[in-house]
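Subject: Structure handover

Hello,

Here is the structure for you to open. My notes on the sheet and the pocket follow below.

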Amino acid sequence: IHQRTRLHKPLAYILGTQPFAGLDLKVQSPVLIPRQESEGWVVRLIKLFKARGEIPIEVVDVGTGSGCLGLAFANAFPTSKVLGIDQSRAAVDLANSNAERCNIKNYQAIHCDITTSKACTLSRIQGVSLVLANLPYVPDVQYRGLDQSVLTWDDERAINGGSKDGIDVFCQLFDMLECWKRRSYADLDLLPRLVLETNGATQNAILRRLLESYAWVRRIWTWNDFKGIERVILVA
């Protein structure tokens with residue numbers, strides 16, 4: 001009770017675990033706690049691929065954190081190869097620990113900062129079937145007003161997206177994908193190659209305009225989360 005009320009420590013950090021897409025994941029500060037919003041769309045995405053009879057051969061999870069998104073995919077598609085990358089060494093260690101905890105052999109997390117190491121990121125995404133990206137998307141001005149539990153216990157680098165729109169890291173990722181050599185699916189317009197979690201419709205309008213300027217983009221659509229917020233951008 002003291003940790004929760006006086007120290008503003010999130011309950012999941014106190015308990016040490018968080019369920020996600022049928023997995024029991026270990027959580028620890030400052031790595032972000034897996035959220036229901038993320039769980040909802042990744043489960044939906046897995047169902048979409050299975051309904052189309054497609055198995056993503058290679059998947060890269062950018063900003064893997066606890067590994068929740070990548071591990072959910074790796075667990076659903078045991079023949080896929082899933083790579084998680086993160087700028088936080090604490091996140092990489094936790095994600096790999098979760099893979100071992102859940103006995104998932106086809107997932108690995110490595111340390112790679114897309115904001116400072118373009119070569120590292122490009123070498124990992126060339127030729128992959130699917131890129132998942134849960135990037136920092138809260139604008140800097142809004143970050144300062146977040147709940148004390150977030151400011152105290154969570155890694156700012158995983159939340160603060162900089163600028164007034166919170167899209168700094170998105171822009172860096174999009175530029176890297178300009179020379180993306182992707183594996184293709186039979187249903188070119190129905191299955192995404194890039195899936196982004198965002199902070200909602202206002203940011204999505206900006207990101208959509210940016211994406212439309214890239215030659216590698218064929219189609220853009222969005223999904224709402226369980227709260228009705230336009231939370232996910234899908235790109236084919």
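Leu 196 stands opposite Ile 233 in strand 9. Strands are DSSP runs of E, at least two residues, and helices are runs of H or I, at least four; both are numbered from the N terminus. This is a predicted model: local features need pLDDT of at least 70, side-chain atom pairs count only at pLDDT 80 or more, and totals for chains, interfaces and linings use all residues. Residues are numbered from 1 along each chain as its sequence is written, and side-chain values use heavy atoms, without hydrogens and water.

**Sheet**

Strand 7 (194-197) and strand 9 (230-235) run antiparallel, joined by four bridges. They belong to an open sheet of seven strands, order 5-4-3-6-7-9-8, with mixed pairing. Two strands pair if DSSP finds at least two bridges between them. Strand 5 (107-111) and strand 8 (220-224) are the edges, each pairing on one side only.

Helix 3 (36-51) packs on the sheet and touches strands 6, 7, 8 and 9. Contact means heavy atoms within 4.5 Å. Helix 5 (89-101) also packs on the sheet, touching strand 4 (81-86) and strand 5.

**Pocket**

The largest pocket is lined by 48 residues. Leu 32, Ile 33, Arg 35, Ala 158 and Ile 159 lie nearest its centre. A pocket is an open set of points on a 1 Å grid over the protein atoms alone, where a 1.4 Å probe fits, with protein on both sides within 12 Å along at least five of seven lines; lining residues have an atom within 4 Å of a point. Helix 2 (11-15), helix 4 (68-76), strand 4 and helix 8 (148-153) each give two or more residues to the lining.

Best wishes

Definitions and conventions: Axes fitted to C-alpha atoms, helices over the stretch in contact; angles between N-to-C directions.
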